[in-house]
Amino acid sequence: MAARQAPVLETARLILRPFQASDLEAQARTMGDPEVVRHLGGTPFSREDTWRRLLCAPGLWNLLGYGYWAVTASDGGHYLGQLGFADFKREMIPAIEGLPEMGWIFAPAAQGQGYATEGGLAALAWADDVLQAPEITAIIDAENAPSIRVAEKCGFNENEPATYRGEPILLFRRRR
């Protein structure tokens, strides 16, 4: 196992840090936005559901040694989004259980500014150094072109059709 709590990572514009209870309101606004969740099942999250999801972040780190970071701006600390790794034990074809799966979600005002790529590259450098997993995966809706671009910029150079919850999805792979 790599860590029991998310380490703090810094880039030129970002700080990736453990989630805090004070992140709830910004995270709830993000997860309650229909545009943000349209590629994540389509149903906006309630504040309560957002809180439950936020509570999962420390659990991932505690159980797996990796997980999600809150992403904030280094020039003031305002919340931008989240990114990281998980093993959600997804029942999908092909199976990815046991592999770190990368994901990212950013507030609408933070999208299109390169934050996901910048944070993703920092998180992947950490993963390469600490986790040393032979492969990292990401699943992305085929219609989510911005997320596909982030994956490609982060070195996910293989993709294949997959099925999750009976629906088609793209499975991206980044080999170490």
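These legends walk through the whole fold and then several close-up views of it.

The model is predicted, so local features need pLDDT of at least 70 and side-chain atom pairs count only at pLDDT 80 or more, while totals for chains, interfaces and linings use all residues. Residues are numbered from 1 along each chain as its sequence is written, and side-chain values use heavy atoms, with hydrogens and water left out.

View 1. Helices (H or I, at least four residues) and strands (E, at least two) are DSSP runs, numbered from the N terminus. Starting at that end, the elements go β-β-α-α-α-β-β-β-β-α-β-α-β-β. A compact globule of 176 residues would have a radius of gyration near 16 Å, and the protein's 15 Å agrees with that; the radius is taken over C-alpha atoms, and the globule rule is 2.2 Å times the number of residues to the power 0.38. Picture the C-alpha atoms in a box of roughly 40 × 35 × 30 Å along the principal axes. Of the 176 residues, 50% count as buried, where buried means under 20% relative accessible area, exposed over 50%, and partly exposed in between (1.4 Å probe, protein chains only).

**View 2. Helix H3, residues 47-64, and its bend.** H3 has 18 residues and spans 26 Å from first C-alpha to last, close to the 26 Å expected at 1.5 Å a residue; the expected span is 1.5 Å times one less than the number of residues. Look for Pro58, where H3 bends by about 25°. That bend is the angle between axes fitted to the seven residues ending there and the seven starting there. Just past the helix, Gly65 takes a positive phi of about 85°.

**View 3. The buried residues of H3.** Thr50, Leu54, Ala57, Leu60 and Trp61 are the ones to find here, and they are buried. An α-helix has 3.6 residues a turn, so residues three or four places apart point the same way. The buried residues of H3 pack against helices H1 (24-31) and H4 (115-130), and against strands E3 (68-73) and E4 (79-86).

**View 4. Strand E6, residues 101-106, covered on both faces.** Six of the six residues in E6 are buried. In a regular strand the side chains alternate between the two faces of the sheet. Here Glu101, Gly103 and Ile105 sit on one side of E6, with Met102, Trp104 and Phe106 on the other. E4 runs antiparallel to E6, joined to it by six bridges; two strands pair if DSSP finds at least two bridges between them. Within that pairing, Phe85 has Met102 as its bridge partner in E6.

View 5. Most residues other than glycine have a negative phi, and most peptide bonds are trans.

**View 6. Arg175 in strand E9, residues 167-175.** Arg175 is partly exposed, with a relative accessible area of 48%. Leaving aside neighbours within four places in sequence, Arg175 is in contact (heavy atoms within 4.5 Å) with Pro134, Glu135 and Glu158.
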